[in-house]
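Have the structure open and follow the points in order.

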Amino acid sequence: MICDHRIIKQPPSLSQVSVFIVQFAPCFLCCGNSVHSGSTDRAVLTRLNWLCLIFVLSQIIVVSLLVISLVFLDDAPGILDEYDPHFWNLNGPAFGILAVSVILVMVCLGTIRVLQNVDLVGAIRYLWAMLWLVPFEVFLNISLFDYFNVTSVWIRHWWMRPQLSWFRGYYCPEGTANTLCVVPIMGGNDFESEEDWCMHFHNSTTCSQTRDSAQSEMIASMLAYYTALGALGCLLLFIMLLMVNSLERIISKPIVQKSRETNVPAWLLLPTLGNVLAGWLFLFSPSSLLSSRSGAGAENSWIGFVYLVTAALFCIAMLTGWLLSSFSIQDNLDKKRKNIAVIVFIVVMATNTVLLVTLFVASIVLSAALLESPIDEADRGEIACYIDLGGTCTGCGDSDGGNQCPEWGLDEVTSILQTQLKQSATIAMICFLYCISVLRFGFVLRKHLSLYQIDYV
């Protein structure tokens, strides 16, 4: 009998991947004392830290160019006077990445001394900083990929705003940035068509063609910009995950677990604040279509309320975790009380898990339903008048909803709704992963508590 001996190759571990990356990253090829498979985790983490710093500084430079062109090079009399915030387009995530990157730069620079001195306490703080920043990077980088083409909506309807003045000057033919290139959509309030507007002010018929050509070039450039920034962010996120793995190896799994047990409030503070922010934005932001004030979109305003409920449940779990970590067991009564607190902790997190799964599924289903059952014309006009901060809408006071804001197409309103539902699904998924991790911790804690002995001989 001939035996078929097959070699089963194990996938590389994260530690092996880390060593490979710091070995062959171009910025380290000229360095002496090359890292190899036998190098210590501290040596690998040191280079990962420098690599992370390079990526972060690259992000800061890239996003700063967008900030300068939108905020500082506009035609507005003041720097922020004409800047309208709206979180459905991709500038919000880009600005968020800039804020996170600045924090990450400070963390990386502060960690250099920690790694040099093998400071265990500093390493634990470094780990917590990374664990806090990773969810932000996940959400912001997912948001940068324009699945529903809201970039073209933003450019088309904010084209005449001062914040896009630099872009108009760059993409429009010379001398047309404030003339032929700024023809209002459908001619605006006072004209029947764009051609009438163009003939009246410039005695020409090429305004629409000039504007559309410039907008098409800007849309292509901005989509490439956002995609490149998102790809860069995904690489940075991967480096951060490798750094977390290296930190856990250096600190050791038992110490990391003990740190989580004693810092449950800090662990749960992030999803608590994240859900409060999500609920507030969905309910009260002027650019939210999941708000009770958005007319036809009010039927989905329950999403914001559920996010606030999940934030409250995270807060209850956070306080329960603080009680569990702050009070020791002195007798059987203390053990019984602590066991009750653990059960409350598990029930609260299990309830939160169900709510977050509901939010995730509902966001996906509602987004898909918009394709098969589009909103009607009256709802389209009402939503468009609510969301239009660029000043392109006409007829918003018309009693006939179908005549409101014809400048906004059904596909444009739908793309914004789908983008906000995508953001909701992303937040729900990130917080769901938090819940699963915390639930595992709760069950482990309950098992340890059941084995805890009080009476001694």
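1. Let's begin with a charged pair. Arg-156 and Glu-412 join their side chains in a salt bridge, with N and O at 3.0 Å; the term covers a side-chain nitrogen of Lys or Arg within 4 Å of a carboxyl oxygen of Asp or Glu. The two partners come from distant parts of the chain, Arg-156 from helix 5 and Glu-412 from helix 14, 256 residues apart. Helices here are DSSP runs (H or I) of at least four residues, numbered from the N terminus.

2. A word on what you are looking at. This is a predicted model, in which local features need pLDDT of at least 70 and side-chain atom pairs count only at pLDDT 80 or more, while totals for chains, interfaces and linings use all residues. Residues are numbered from 1 along each chain as its sequence is written, and side-chain values use heavy atoms, with hydrogens and water left out.

3. The cut-offs are under 20% relative accessible area for buried and over 50% for exposed, with partly exposed in between (1.4 Å probe, protein chains only).

4. How many salt bridges are there by this rule? The count comes to four. Please look at Arg-211 next: its side chain meets that of Glu-194 in a salt bridge, N to O at 3.1 Å. Arg-211 sits in helix 8 (residues 207-251) and Glu-194 in helix 7 (residues 194-202), so this pair ties together parts 17 residues apart in sequence. Both Arg-211 and Glu-194 are buried.

5. Arg-211 has another partner to check. It forms a salt bridge with Asp-212, where the closest N and O atoms are 2.9 Å apart. Arg-211 counts as buried because its relative accessible area is 7%, while Asp-212 is partly exposed because its value is 35%.

6. Now for an arginine with backbone partners. Arg-168 lies in helix 6 (residues 165-171), and it is buried because its relative accessible area is 4%. Which backbone oxygen does its side chain reach at 2.7 Å? It is that of Trp-159. A polar atom of the Arg-168 side chain also lies 3.3 Å from the backbone oxygen of Ala-177. For reference, a polar contact is a pair of N or O atoms within 3.5 Å; within protein, one must be able to donate a hydrogen and the other to accept it, and residues adjacent in sequence count only if both atoms are side-chain atoms.

7. Helix packing deserves a look too. Two packed helices are described by the angle between their axes and the distance between the axes. The axes of helix 1 (residues 14-24) and helix 8 come within 10 Å and cross at roughly 120°. Axes are lines fitted to C-alpha atoms, for helices over the stretch in contact, and angles run from 0 to 180 degrees between N-to-C directions. Helix 1 is therefore oblique to helix 8; angles under 35 degrees count as roughly parallel, over 145 as roughly antiparallel, 65 to 115 as roughly perpendicular and the rest as oblique.

8. Who meets whom at this crossing? In helix 1, Leu-14, Ser-15, Val-17, Ser-18 and Ile-21 are in contact with residues of helix 8 that include Phe-238, Leu-242 and Asn-245, contact being heavy atoms within 4.5 Å. Asn-245 touches Leu-14 and Ser-15, leaving aside residues up to four places away in sequence. Asn-245 is buried because its relative accessibility is 15%.

9. Finally, two backbone angles are worth a check. Asn-149, in the loop between helix 4 (120-143) and helix 5 (150-157), has a phi near 60°, a positive value in a residue other than glycine. Cys-405 also has a positive phi, near 45°, and is found in the loop between helix 13 (377-387) and helix 14 (410-450). Asn-149 is partly exposed because its relative accessibility is 36%, whereas Cys-405 is buried because its value is 0%.
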